[in-house]
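Student: I'd like a close look at one part of this chain. Please take me through a single residue and then its surroundings.

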Amino acid sequence: MYFKRQSGESISNRFYKKVCRAILTEQSTMAGDGTEKATVIEGKEWYMAAYAPQGVPSSDHLKLRTVTISLADDSIPDGHVAVELLWISVDPYLRSRMTGHQDGLYMPQFKIDEVLVAFGVGRVIKSKDSRYSEGDIVLNPYFPIAEYCVMPSDSLIRKIDVTAGIAIPDYLNALGAPGFAAWVGIVVLGEAKPGLNVFVSAAAGGVGMFAGQLAKLRGCRVIGSTGSDDKVKLLKEAFGYDDAFNYKRETDYDAALSKYFPNGIDVYLDNVGGKMLEAVLNHINIGGRIPLCGMISEYNKTWKERDGVRNLLNLVGKNVRMEGFLVGSYLNRFQDFLKEMEDYLLQGKIISKTKTYNGIDSFLESLGSLFSSTNNGKVVIQVKVNDIYTKFLPKPSLS
C-alpha cells in the first residue's frame, strides 16, 4: 500500500521541499540589485457576514474576499508559520457556529467579519519555527477556510508523513474528527462486542461509514439507515453493513426497525436525532446504549421547531444509557484511536470514501450539500486542484 513514484523511487520529503522552494521562486520577483523582494501572496478566504439562525446558510451569510499575505521575514512573527492550504474538512458541526446564539452543541459562534475555521491540511511555505521547514505537510483543527494563512506553530497538531501510504484526505476523515467520533461512539461508549445488534443512522456519512466498519470488526450485526438506494448499496457492498434501508422510502421508522431488528437494538449511534431517535427508543433492548454523536435533522431549525422525543420513559424502564459526547472530551484516548485506525487503514480493513469539492470557492456549495443527502462519505475541499504535491500522493479508498 506504500505509494511509489512511477520510476519506482519512494517519495521523499526532500522532493516536496524542493518543489515548494520552486513554487516560491516562481512567486517571487527580484529587485534591480539582485536581492529578493518581499514575496506577497494573494488568496481568498471565507468570512461570517451575517448569522443564519435557521435554514441552510447562503451567500447572504457567508462571503468570500481576497486578501494578501506577505512572506517577508519581518512580516512573520517568531513561532509562526505561513501555510498554503491543501485540503479542508467540511463538517456538520460548522453549522452550529453560524446561528448567532448558543444552542445544543454550545460551540463558540463565529464573530461577524471573522474568518471561518475548520480542520485542514496545509503545506508550510515559510517558517519562523525551527521545528517546521518549508514543505512540511501539517494538520490543524483551526485552519482558516482560506487559501493561505500565517498562524502560530503551536496550533499545529502533527506533521504528516507523506511516505506512510495513507491518503492525505484520510487525515481529515478516518484519522480525523469523523473517524474519532465513530471510534468513541462504537468502541468507548457503545462497548461493541461480538453478537450485539448495532444500528447507525446517517450511515453513509463521514461518521457513519466508520462506525459500521468498526462495529463489524468487533463481531457485531450492523444495520444502517441512509437517504438513497445508491447509499444502501454502498453500505452493504463497500462498508460491510449486514443490511441497510432508505429512510426516505421506508418512512414508517417504527415498522422498519421491527423488520431489521426482530431481536431489538443493543447499540444505537445517533447522528440524526428527531423522529428516528424516537423510533429507536421503542426497539432498544434492556441495558442498551445510545451514544449521541449528532442530530443533523435538527441543525437548521430553532429549538422550538425541532421534533420532540415523546417516549423517553423507555430509558427508565429498560435501564438504557443515552449519552451525548464531543470528541474533545476524549482526547486522552486519541493516541489509542490513531494506532488502531492507522493499522486498519494500512491493512485494508477500513475503507474510506470522500466527496471532493474543488477550489476554495466551493465551500458554500459543499456546506449546503451536508444537509441534502447528496453526498456519499466525507465532504472535503481540495483547495489546490492541480497541486504538484497532491497529484502524486495515494488516493482515498473510494472517491
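Student: Take K231. Where is K231 found, what is K231 in contact with, and which sheet order lies around its helix?

Tutor: Keep in mind that this is a predicted model. K231 is found in helix α4, which covers residues 229-237. The residue is buried, yet K231 has no salt bridge. D230 is the nearest side chain of opposite charge, and D230 is 9.5 Å away. Now the contacts. Setting aside neighbours within four places in sequence, K231 touches A204, T226, S373, T374, N375 and N376.

Next, the helix itself. α4 lies across β9 and β10 and runs at about 170° to β10. Both strands belong to an open sheet of six, with parallel pairing. The order is β10-β9-β8-β11-β12-β13. β10 (243-246) and β13 (321-324) are the edges; each has a single partner strand, so one side of each lacks a neighbour in the sheet. On average, neighbouring strands here are turned by 15° against each other, direction ignored.

Look at β9 again. Strand β9 spans residues 221-226, and T226 is among the contacts of K231. Four bridges join β9 to β8 (residues 197-200), and the two run parallel. Within that pairing, F199 has I223 of β9 as its bridge partner. Another helix, α2 (residues 177-189), lies across β8, β11, β12 and β13. α2 runs at about 150° to β12.

Last, the whole chain. The chain has nine helices and 15 strands.

How values were computed: Residues numbered from 1 in each chain as written. Predicted model: local features only at pLDDT ≥ 70, side-chain atom pairs only at ≥ 80, totals over all residues. Heavy atoms only, no water. Buried < 20%, exposed > 50% of the residue type's maximum accessible area, 1.4 Å probe, protein only. Lys, Arg positive; Asp, Glu negative; His and termini not counted. Salt bridge = Lys/Arg side-chain N within 4 Å of Asp/Glu carboxyl O. Contact = heavy atoms within 4.5 Å. Pairing = 2+ DSSP bridges. Axes fitted to C-alpha atoms, helices over the stretch in contact; angles between N-to-C directions.
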